[in-house]
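Me: I am new to this structure and would like to understand the words used to describe it. Could you walk me through them?

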Amino acid sequence: MSTVLRVTKLSKSFGGLVAVKDVSFEAAQGEIFAIIGPNGAGKTTLLNLISGLLTPTAGTLELLGTDVTTMPTYRRCRLGLGRAFQVVQPFPEMTVAENVLVGAQFGSDGVSSAEARRRTDRALERTGLAPLRDQPVEDLNLLQEKRLEIARALATQPKVLLLDEVMAGLRPGEARQAVELVRSVRDEGITVVFIEHVMPVVRDLADRVLVMDHGAELARGTYADVTSDPRVVEAYLGVEDEDAQGGDEPVGVPSVDASSTADDAGGTTGGNA
Amino acid sequence: MDLSLLPQAVVSGVLASGLYALVSVGLALAIGVIGIVNFAHGEFFMVGAFLAYQLFVSFGFDPLLSLLFVAPALAVIGALIYLSSIRFVLKAPELNQMLLTFGIGIILQNLALLIWGGDPRTIANVPYRSLGFQVGGVSIGAVPLGSFVISLVLVTGLYWVLAATPLGRAMRAVAQNRIGAGLVGLEVNRVYLVAFALSALLAGLGGVMIGVIQSPTPTVGLGFTLKAFAIVVLAGLGNIRGIVGAALTVALAESLVATLVPNGDALRNMVFFAIIFVVLVWRSRRVA
Amino acid sequence: MRGIARDLVVTVAFAILLAFLPGLLRELFGRASVSYLSLATNALVLAVLALSWDMLARTGQLSLAHAAFTGAGGYTVAVLFKLTGAPLWLGIPLGGLVAAVLALGLGSVTLRLFGIYFAIATLAFTEVLKAAVQRLPTAVAGGAAGINVPALFRPTFVPGTMERWEVAFFRNQGYFWVYAGLLVAAIVISLVVQRSRLRAAFTALRTNEQVAGVMGVNPARMKLLAFVLSSFLAGLLGSVEAHRLGSVSPDGAFSVHTTVLALVTPIFGGLYTTLGPILGATVLAGIEETLKRTFSEGYLIGYGVVLVASILFMPRGLVGLIGKLFRGRGAGGTGRAGALADARGASGTDGARGVDDPAEERA
């Protein structure tokens, strides 16, 4: 299997604050790669670095064999990097289909209108949004919005898909559907790199896991490997065992960003960003 | 370049920095505490100037006396504006806020134009206007010196309020964490109201003084909004303490250009706006 | 596509209406038609101004530099006339071009500026331009006094074939048709943008530039394109205005008044649409006449009030109001719409009354 994404000693500092420190990993084609870690570990920053929303202070990034370390975001997208955001930001005053169409039209070079429409339809079907295609995005519920995020990303024909806490806020049934969707995406040959707090999801999906803490790598391996690593357990302050409902991060710690949402009673949503 | 004028330029700049600091600190208050970039800030300044002018023309009030009247007047005006419009857009997109305050600025400016017309007005017949003294080859006008002192007193007063009074603490708390302060039960809306009224008041007082030094027209507001904004940005958004230093920098730069560069006085505004532009652009390129 | 065909038909019909309007007015009102025509011309000018500003606003760039571009157009015409013997008509497209080049420059350096910073930078830019033009050698640009510009239309009175007032009428009519042509051009450009993938790109950019980039939209190219289109139209307008007004001067050509008109009108009429700016212009031009007669100095106060009222009560402008009446839907969508509006403030004037709590109950 070939490496599609190669992160080498990536670092990012904001003034004096080190957000990401010397992180390296490789994702192989068709792999599902998870990045986990406690609050403030730098996971989203890492994803932002990979997407191109931030410029690294050190290190390199290679996507599908091309050095993209300083490549603008939109070019990375055209190269094959897709991203679904944690806080969904649909484009207002447009329908679901129109939102996805943006990705289809601009996600690759030289896409004809007909081809863009085809890709849009395909993405809508894959994510089960086809019946909602003409709905204004303002009317969607949370799960539908998350599907829209993924549909938009899929429409850009990614080879690598970055997902940021897709499960946050979903009820168990919804989370199961999301897991299925991610699996089907991988089955098409798309490599998935995702950040997640909901441990059962990580256990079910991830081929390999990277644990981050304080911006640096803490551990890596399979889900079983990392969850039995005492350092990881300590970093999380009490991940008991696989069967615990969600991570047991201290409840009531206010969100650093307003994105992560309230728990659902008895749901799998364990954590805050 | 006549360097013998350097000391004079420096002194003039320092004296002018007082007013700049006064005007800017009000804007910094609005931005830091309320979170709103008030495009109409310079208009409060202008209103202060014209109120003082009117008091002088109608009742013969000395500008120093007018300060006492303009302060509550501007506070009330600020409060009214806040209550009738600003508070509804606190959570709205920043662009809505910008446009709203811009609209308020247009209203104020044109109201003044309606009342006073477009000609420059100055409070000219004040006995101490041409008073001044020489210190080692540098001439210091009584009025600029007085403005500097008064401004300094007011700004220091504000710093004291922020540091030592419950209200000031409340404002700082709100500035640091708007959501948190609300959770703790601070009467956030009342803090906003006071902060906005205060920012209007400070600007207005600055206006009173400028009415004696220069001849403002009702259209000077926008220029002062730009200047205040530049100083606030230079100090760092939300950094109220840094305003004095930033105001000094800007005032000195302006004074040096006006004095030392040939034809500098005519150029001073242009240079100023050019600097704002360059600084904004340059800063934007350094991000991420 | 049905939508495009409809747009085409409506535009052509509108163009025809404009072409015949002067004649119609003359038939109906005789001598009085001169002032009605003048009023209609003002509406046209405002409409072009508004549409051109809106074009840039669609990418989320709320510019306070619009007067810089109309002024650039005006001065191009004036300087060209003053320095060369070029035919008058040449100045107009040249004015548009100069404005576009200026915009390319300004747009390029402000790509990373957003919101209030962008606004302030554009305002500062305009002020610097104004001061710079004033300081150019008087032989070139006329200094503070400016340059006189000849009229485009100078109908002569021929006794027997027409009445005296028709001289003014024919002159007004000439300008009316030129502006009508500009407006139709502006409408076409706007419609083309709205019906193409540019609309999605612009909307994406103004909603969230980062997300748009992640989806493959090239922010720089799109923003600059919008800037160029917007300023080209503004430059053309300024060029024609220079002829109609008879002169350009730094204070007049680069006046912030122009910018105020340019932004209040589309906000009032409805941002990011083709109809909104035109509707807003029609209404406001009508009101402006009354305002100008009542308050000679300071009539802009009406515009300030309109702007404030629009932000507070009518964030989607007239177009939104009309749409609401017809659709009977609730204002501004449901909770998510409010939350969306929070992002960078880039969705324009949605949610003026506040952003709904994003953590609200979801189904």
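Me: Which residue stands opposite Thr3(A) in S2(A)?
Reply: Happy to start there: Ala28(A) of S2(A) faces Thr3(A). Keep in mind that this is a predicted model. A second pair links Leu5(A) with its bridge partner Ala27(A) in S2(A).

Me: How do you know that strand S1 (residues 3-14) of chain A and S2(A) pair?
Reply: Pairing needs at least two bridges between two strands. S1(A) and S2(A) have 8 bridges, in the antiparallel sense, so they count as paired by that cut-off.

Me: What makes Gly15(A) worth a look in the hairpin of S1(A) and S2(A)?
Reply: The hairpin has 2 residues between its strands, and Gly15(A) takes a positive phi near 60° there. Positive phi values also turn up inside the two strands. Lys9(A), placed in strand S1 of chain A, has a positive phi of about 45° although it is not a glycine. Asp22(A), found in strand S2 of chain A, is likewise a residue other than glycine, with a positive phi near 55°.

Me: What joins S1(A) to strand S4 (residues 58-63) of chain A?
Reply: These two strands run antiparallel and are joined by 5 bridges. Leu5(A) takes part here too, with Leu63(A) as its bridge partner in S4(A).

Me: Why are strand S2 (17-28) and strand S5 (66-67) of chain A said to stand at the edges?
Reply: Look at the order of this open sheet of 4 strands in chain A: S2-S1-S4-S5, with antiparallel pairing. S2 and S5 each have a single partner strand, so one side of each has no neighbour in the sheet.

Me: What is the order of the open sheet of 6 strands in chain A?
Reply: The order is S6-S7-S8-S3-S9-S10, and the pairing is mixed. Its edges are strand S6 (81-84) and strand S10 (216-221) of chain A; each has a single partner strand, so one side of each is left without a neighbour. On average, neighbouring strands of this sheet are turned by 20° against each other, direction ignored.

Me: Why are H2(C) and H13(C) called oblique to each other?
Reply: Helix H2 (residues 33-57) of chain C and helix H13 (residues 275-294) of chain C pack at about 135°, with axes 8 Å apart. Roughly antiparallel asks for over 145, and roughly perpendicular for 65 to 115, so this pair is oblique. The crossing of H2(C) and H13(C) is right-handed. Including Leu39(C) and Asp54(C) from H2(C) and Pro277(C) and Glu289(C) from H13(C), the contact has 11 nonpolar, 2 polar and 2 charged residues.

Me: How many residues does the contact take from chain B and chain C?
Reply: Chain B gives 43 residues and chain C gives 50 residues. The area buried between them is about 4200 Å², with 78% from carbon and sulfur atoms. Leu95(B), Leu99(B) and Phe277(B) supply 15% of the area that chain B buries against chain C, more than any other three residues.

How values were computed
Residues are numbered from 1 along each chain as its sequence is written. Chains are lettered from A and ligands numbered from 1 in the order in which they are written. This is a predicted model: local features need pLDDT of at least 70, side-chain atom pairs count only at pLDDT 80 or more; totals for chains, interfaces and linings use all residues. Side-chain values use heavy atoms; hydrogens and water are left out. Axes are lines fitted to C-alpha atoms, for helices over the stretch in contact, and angles run from 0 to 180 degrees between N-to-C directions. Contact means heavy atoms within 4.5 Å. Buried area is the accessible area (1.4 Å probe) that two parts lose on being put together, summed over both. Angles under 35 degrees count as roughly parallel, over 145 as roughly antiparallel, 65 to 115 as roughly perpendicular and the rest as oblique. A crossing is left-handed if the near helix is turned anticlockwise from the far one by less than a right angle, and right-handed if clockwise. Ala, Val, Leu, Ile, Met, Phe, Trp, Tyr, Cys and Pro count as nonpolar, Asp, Glu, Lys and Arg as charged, and the others, Gly among them, as polar.
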